[in-house]
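Biologist: I would like a close look at a single part of this model. Take me through it step by step.

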Amino acid sequence: MCRSCNASPGDEARGSGLTRRGLMALVGGLTVGGASVTDAVAGLLSGHRVRAVADAQPLPAVSQPTIVGCDQWQAREPSSPVKVLQNRPVRILVHHTATENRNDDTESQLATLAKSIQDFHMDRNGWIDSGHHFLVNRAGLIAEGRHKSLESLLGGQKFIEGAHCPDQNDTAIGIENQGLYTKADPPGGMLSGLRALCAYACLQYGIDPEQLYGHRDYRDTDCPGDKLYALLPWLRNQVGRMMGRGTEWRAATLATWPLVRPADQGPVVLAAQHLLRNAGVSTVPADGMFGQATSDGVRTFQQAHGLELTGMIAGGSWPLLAVEVRAGQGGEAEAAVQALLARQGAEAVTAPPVVRKEDWQRLLAS
Ligand SMILES: [Zn+2]
């Protein structure tokens, strides 16, 4: 769980003035694929031409980015020693801080932000230190999060246990990105910093660039926001190419679980409702509308499984809900499969005799 899980709605409404400036930093004054930089920036802002812009740029080589250490930003000492693990992390999880989209671009502003998040994690969440390993601000400046994360990264062999995502804290690097990206586009400066940090971490730890995920892929949260989450395929491709996979290299499409939340409707919601009923939450209607009763039912399910009570379904609840289903077994679980098969273009979608995890992900995504 990161700070974003405790965000108040409305944080996003405040300015995003750095966006355009940050993007200028990212595109670096180049003419992009015959289009003007202005066009490219406008396209990037609207989210439609990210790939075109990125693909046309010469990529930087992987190098050690400047990371402001805990001593430099004057972090508090951890309340108890951080846990040094003797294993290397195998993936990276991207978060957003869900703080306001402020135009931070100095090291002192980075320090202020890092301190405020550390205070929140220690004083409100009761953690021993910052939960994340690294923080990237909207200008792309990077700060160390949990103590010794930087030293471990530079060594490339050890890892510090984090507190950014239950079940992932001993194997996944947690990177917080300043801002709220549910509706706002991430600024280019931040994306540049995140890309540089991910590439360096992949190099140092031997992490596969395809192993760049969002918080929501593992827990029931909308973190890192729809807009930043949508850029993860771009990020994987960029990092892979920076690591020498070739300019045409594309990361494989990852099998993940969809995020469904209040106000959503349709077959995926209906399938989720049947699976909740299959799991014993009988108060949930099977109407394909994610209303209050469904959200309450999700919380009941989450409570029973020790998950955060978010009332939305993503990488936390899906793996528990999506049980193995045999064709012809009847009941709510098979009704969930049928709900997905019955939707538009159903002739192109088939289910095997036994629906397992990968089949569920395919059916939910199609
Ligand atoms: Zn998060």
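This is a predicted model: local features need pLDDT of at least 70, side-chain atom pairs count only at pLDDT 80 or more; totals for chains, interfaces and linings use all residues.

Modeller: H9 itself covers residues 267–278, twelve residues in all. From its first C-alpha to its last, H9 reaches 16 Å. That is close to the 16 Å expected at 1.5 Å a residue. Buried here means under 20% relative accessible area. After H9 comes Gly280, with a positive phi near 100°.

For context, consider a strand as well. Six of the six residues of strand S3 (residues 91–96) are buried, so S3 is largely enclosed by the rest of the structure. In a regular strand, side chains alternate between the two faces of the sheet. Both faces of S3 are covered. One side carries Arg91, Leu93 and His95, all buried. The other carries Ile92, Val94 and His96, also buried. With strand S7 (residues 172–177), S3 pairs in the parallel sense over six bridges. There, Arg91 stands opposite Ala172. With strand S8 (residues 212–214), S3 also pairs in the parallel sense, over three bridges. In that pairing, Leu93 stands opposite Tyr213.

Terms used. Residues are numbered from 1 along each chain as its sequence is written. Side-chain values use heavy atoms; hydrogens and water are left out. Buried means under 20% relative accessible area, exposed over 50%, partly exposed in between (1.4 Å probe, protein chains only). Helices (H or I, at least four residues) and strands (E, at least two) are DSSP runs, numbered from the N terminus. Two strands pair if DSSP finds at least two bridges between them. The expected span of a helix is 1.5 Å times one less than its number of residues.
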